[in-house]
Amino acid sequence: MADILIEAYSLSRSYRQGGVPIGALASATFRLYAGDRVALIGRSGSGKSTLLHLMAGLDVPSSGTITWPALGPVETLLPKKISLVFQAPSLLEPMSVSENVALPLLLAKAPGDIDAAVAAALATFGLENLARKLPEELSGGQMQRVAMARAIVGNPSIILADEPTGQLDQPTGQALLDALIAHLDGSGAALVVATHDPSVAARMNAIWRIEHGVLVESADAPEVA
Ligand SMILES: Nc1ncnc2c1ncn2[C@@H]1O[C@H](COP(=O)(O)OP(=O)(O)OP(=O)(O)O)[C@@H](O)[C@H]1O
Ligand SMILES: [Mg+2]
């Protein structure tokens with residue numbers, strides 16, 4: 001039986017707007033196992049990013065519980081055990097591509113050859129020639145791929161990617177997924193990808209659909225919003 005990486009019961013998150021609570025996620029109960037490949041689909045505003053932020057331990061639920069049984073306490077998760085690739089651009093402007101990709105290793109005080117690990121992560125996505133560039137010199141799609149290199153560099157147990165191909169044409173998006181899946185193959189790492197792209201969802205082995213904050217797990221072929 002694969003390790004349980006995340007276990008959530010009745011997980012809810014609401015935001016206050018003008019004193020009124022607005023429900024973003026309602027009563028989600030699920031498990032994420034080692035090796036899972038999950039597509040998180042649903043219309044804009046349905047709660048995908050909210051759920052990913054809770055899964056990363058970056059946000060706190062309004063009610064319900066979430067634990068990381070095989071990984072440990074919430075304060076130990078980011079960035080060593082879980083990587084979160086944000087929906088919005090998240091590279092640090094004054095730092096080069098290489099320095100950005102090295103960040104999780106530096107924050108986690110990872111042992112070993114950091115330069116070699118960064119070079120390997122960039123090579124995974126064919127980004128070697130961007131190593132010395134600054135984020136402002138990159139296209140939106142190149143930034144997304146660098147953010148993905150940063151997500152894999154420390155070999156985390158979970159990668160949570162929030163619309164990682166949103167700025168990419170379909171062939172480039174598929175190439176990114178091919179490289180990511182090949183990289184993760186056999187590692188036991190779990191991957192959760194929020195996406196509006198049916199071709200991305202089709203590459204995963206489970207589909208989790210969110211409708212107005214309500215999570216419905218299914219393995220059916222997706223109808224992506
Ligand atoms: N910080 C916040 N403050 C108030 N409301 C928020 C906040 N973040 C999200 N929401 C609301 O919570 C709901 C879910 O938002 P979320 O970002 O999770 O949706 P999403 O499925 O990721 O959408 P998209 O596909 O557009 O990225 C939306 O109604 C949104 O307006
Ligand atoms: Mg979102």
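**Overall fold, helix α1 and the magnesium site**

The protein chain holds 6 helices and 9 strands; helices are DSSP runs of H or I with at least four residues, strands are E runs of at least two, and both are numbered from the N terminus. The model is predicted: local features need pLDDT of at least 70, side-chain atom pairs count only at pLDDT 80 or more, and totals for chains, interfaces and linings use all residues. Residues are numbered from 1 along each chain as its sequence is written, chains are lettered from A and ligands numbered from 1 in the order in which they are written, and side-chain values use heavy atoms, with hydrogens and water left out.

The C-alpha atoms of the protein chain fill a box of roughly 45 × 45 × 35 Å along the principal axes. The radius of gyration is 17 Å, which agrees with the value near 17 Å for a compact globule of 225 residues. This radius is taken over C-alpha atoms, and the globule rule is 2.2 Å times the number of residues to the power 0.38. Of the 225 residues, 44% count as buried. Buried means under 20% relative accessible area, exposed over 50%, and partly exposed in between (1.4 Å probe, protein chains only). Among contacts with a separation of 6 or more, 70% join residues 24 or more positions apart. Contact means heavy atoms within 4.5 Å.

The magnesium ion (ligand 2) is coordinated by S49 (OG) and Q87 (OE1), at 2.0 to 2.2 Å. S49 lies in helix α1 (residues 48-55), Q87 in the loop between β5 (82-85) and α2, and 38 residues separate the pair. Donors are N, O and S atoms within 2.8 Å of the metal (3.2 Å for Na, K and Ca); water is not among the atoms, so sites may look incomplete.

Helix α1 is largely enclosed by the rest of the structure, because 6 of its 8 residues are buried. These are K48, T50, L51, L52, L54 and M55. Just after α1, G57 takes a positive phi of about 75°.

Helices α2 (residues 97-107) and α4 (residues 140-152) pack with axes that come within 7 Å and cross at roughly 35°. Axes are lines fitted to C-alpha atoms, for helices over the stretch in contact, with angles from 0 to 180 degrees between N-to-C directions. V97, N100, V101, L103 and P104 in α2 meet V146, A149 and R150 in α4.
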